[in-house]
Amino acid sequence: MGFTINKSKQLTELTEIEYTIIKCFINFCNQYLTIGDDVNYSVNLFSSKDDDKPTGITLAMFDMESLNTWVRCNGRFVYDICRSIAHELVHLKQMVNNEINMNDYTDIGGKIEDEANSIAGIICKEFTKKYNCRWIYDL
């Protein structure tokens, strides 16, 4: 089945083109990270105004139990949203590969976070290079 993208009704700040770019970027991440169709996950795009967002979330998070990724989109550049998506999907890939040991995990620094940060940056640059869309930095 693969993944689903859910956009909150309260998220009114994204233009159609921004939403389309984000959807294309999620597809790119899925292919880049070789997350198979047998992994069913969702990417939830939300606004800070949403009542049903996860408790304590800042900009993005990945829930290892539900395989839900949550990304706040209002008040942010599209490139920044994409980087958050890539970071959280790297965590999904790490989980699928059994690389996350919750006893050793820290959300500040450490091998898992450092890898997610560096690979997210690479994915974003590869996306802009492949699609010749450096203009994305201005959205």
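The protein chain of this predicted model exposes about 7800 Å², and carbon and sulfur atoms supply 50% of that area. Accessible areas come from the Shrake-Rupley method with a 1.4 Å probe, and for residues only the protein chains shown count as cover.

Before I continue, a note on conventions. Residues are numbered from 1 along each chain as its sequence is written, and side-chain values use heavy atoms, with hydrogens and water left out. As the model is predicted, local features need pLDDT of at least 70 and side-chain atom pairs count only at pLDDT 80 or more, while totals for chains, interfaces and linings use all residues.

Turning to the fold, the protein chain contains 3 helices and 4 strands, in the order β-α-β-β-β-α-α from the N terminus. Helices (H or I, at least four residues) and strands (E, at least two) are DSSP runs, numbered from the N terminus.

Of the 139 residues of the protein chain, 45% are buried, meaning under 20% relative accessible area with a 1.4 Å probe, protein chains only.

I now come to strand 2. All 6 of the 6 residues of strand 2 (residues 41-46) are buried, so this strand is largely enclosed by the rest of the structure. Tyr41, Val43 and Leu45 point one way from strand 2, whereas Ser42, Asn44 and Phe46 point the other way.

Methods. Buried means under 20% relative accessible area, exposed over 50%, partly exposed in between (1.4 Å probe, protein chains only).
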